[in-house]
Amino acid sequence: MYFFPIQYDEPLFRPPSEANAAIVQATLGCSWNSCAFCNMYETKKFKVRSFDDVKHDIIHLAKAMPSARKVFLADGNAFVLSYDRLMPIVSTINEHFGRAHRISAYALPSNILAKTHVQLCELRTNGLSLLYIGVESGDNDLLAMINKSETAQSTLEGISKAHAAGIDTSVMIINGLGGQKYSQQHALNSAKLVSQLNPKFLSTLTLFTPHGLNQFQTQFKGDFIPQTQVEQLNELSLFIEHLELDGTIFRSNHVSNSVGLEGVLSKDKMKLLSTLEQVIEKAGTLMESPRTPVNRKIY
Ligand code: SF4
């Protein structure tokens, strides 16, 4: 039987690209824990773990994974920790993981804004070089409807501040988040925001409602009308079409997505749009979900 050296407080989540990382729980749960679509940490009360407990885990993980190249700080938004709490954790990781070249964490833009530029630069210098940020949408109406606690402006300011300190970001947008009614504004304003951010990584997930549509509609502070799969793909296509990026690595390969896509944007934009168009055509439903109401000259 395989013996794991530390005991995690479950459930435990990490981004797909951290599959081989050593995962250190610096916090438990999510400090916000109120987004309408998210049930990841519904069973957990947010808690900051003691430094001694975190250090214990780092030391034991480092012995078990001496060749780990990446360390991921869990849970939901470990970057909520103040600089004074994060630095000793980062230093301890550097001390014990000799081969690690990247420390990363989930973050809310407000967690970045709560730190000074100098503090962010210090964290970056000490190896904390990537933040995963669930932007979800660039549309302020929709961000309010899902109770995200961030706006397009706070997201722009927070992520820009991380970039200014040399910290890369991986940004996530949720396809289908606004249903039929808010689909166009979601796609266009998300493309606008992501284009302003020009993150190193961009991924799209598709909305899924583990507790059923009714519960989501109750929590959604708007008029949520479910989309067909083709309507969601048309929305994704509209989003990609309006992205203006330079060297962003794009992945749409989450298990929630009906079509797997990957490429470098904007270089591969036409290829991605062509793939999507073929899938939509194959479904024989282009006529069913016309994109004619879209104002393509919005920018
Ligand atoms: S901030 Fe992230 S982890 Fe927290 S509730 Fe929202 S989506 Fe879930």
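Mentor: Welcome! One definition first: helices (H or I, at least four residues) and strands (E, at least two) are DSSP runs, numbered from the N terminus. The model we are looking at is predicted.

Trainee: Thanks! In which loop is Ser266 found?

Mentor: Start from the chain around Ser266: the peptide bond that reaches it from Leu265 is cis, with omega near 5°. Strand β10 covers 261-265 and helix α10 covers 269-282. Ser266 therefore falls under the definition of runs as a loop residue, in the loop between β10 and α10.

Trainee: What is the omega of the peptide bond from Ala74 to Asp75?

Mentor: Asp75 is in the loop that links β4 (70-74) with α2 (83-96). Most peptide bonds are trans. The bond from Ala74 to Asp75, however, is cis, and its omega is near 0°.

Trainee: Is Asn147 buried, partly exposed or exposed?

Mentor: Asn147 sits in the loop between α5 (140-145) and α6 (152-164), and its phi is positive, near 60°. A residue needs 20 or more other C-beta atoms within 10 Å to be buried, and 12 or fewer to be exposed. Asn147 has 15 C-beta neighbours inside 10 Å, so it counts as partly exposed.

Trainee: And what is the phi of Ser149?

Mentor: Ser149 also belongs to the loop between α5 and α6, and with 15 other C-beta atoms within 10 Å it is partly exposed. Most residues other than glycine have a negative phi. Ser149 has a positive phi, near 80°.

Trainee: How are α6 and α7 oriented to each other, roughly parallel or roughly antiparallel?

Mentor: The axes of α6 and α7 (residues 183-197) come within 10 Å and cross at roughly 20°. Angles under 35 degrees count as roughly parallel. The two helices, α6 and α7, are therefore roughly parallel.

Trainee: Which residues of α7 make the contact with α6?

Mentor: The crossing of α6 past α7 is right-handed. From α6 come Ala152, Thr155, Leu156 and Ile159. The contact residues divide into five nonpolar, three polar and no charged. On the α7 side they are Asn189, Leu193, Gln196 and Leu197.

Trainee: Finally, how many residues around the ligand are nonpolar?

Mentor: The residues around the ligand include Cys30, Trp32, Cys35, Cys38, Met40, Tyr41 and Leu108, along with Asn33, Ser34, Gly76, Asn77 and Gly134. Gly counts among the polar residues. The shell has no charged residues and five polar ones, and its nonpolar residues number seven.

How values were computed: Residues are numbered from 1 along each chain as its sequence is written. This is a predicted model: local features need pLDDT of at least 70, side-chain atom pairs count only at pLDDT 80 or more; totals for chains, interfaces and linings use all residues. A residue is near a molecule or strand if its C-beta atom, placed from the backbone, lies within 6 Å of it. Axes are lines fitted to C-alpha atoms, for helices over the stretch in contact, and angles run from 0 to 180 degrees between N-to-C directions. Angles under 35 degrees count as roughly parallel, over 145 as roughly antiparallel, 65 to 115 as roughly perpendicular and the rest as oblique. A crossing is left-handed if the near helix is turned anticlockwise from the far one by less than a right angle, and right-handed if clockwise. Two residues are in contact if their C-beta atoms, placed from the backbone, lie within 7 Å.
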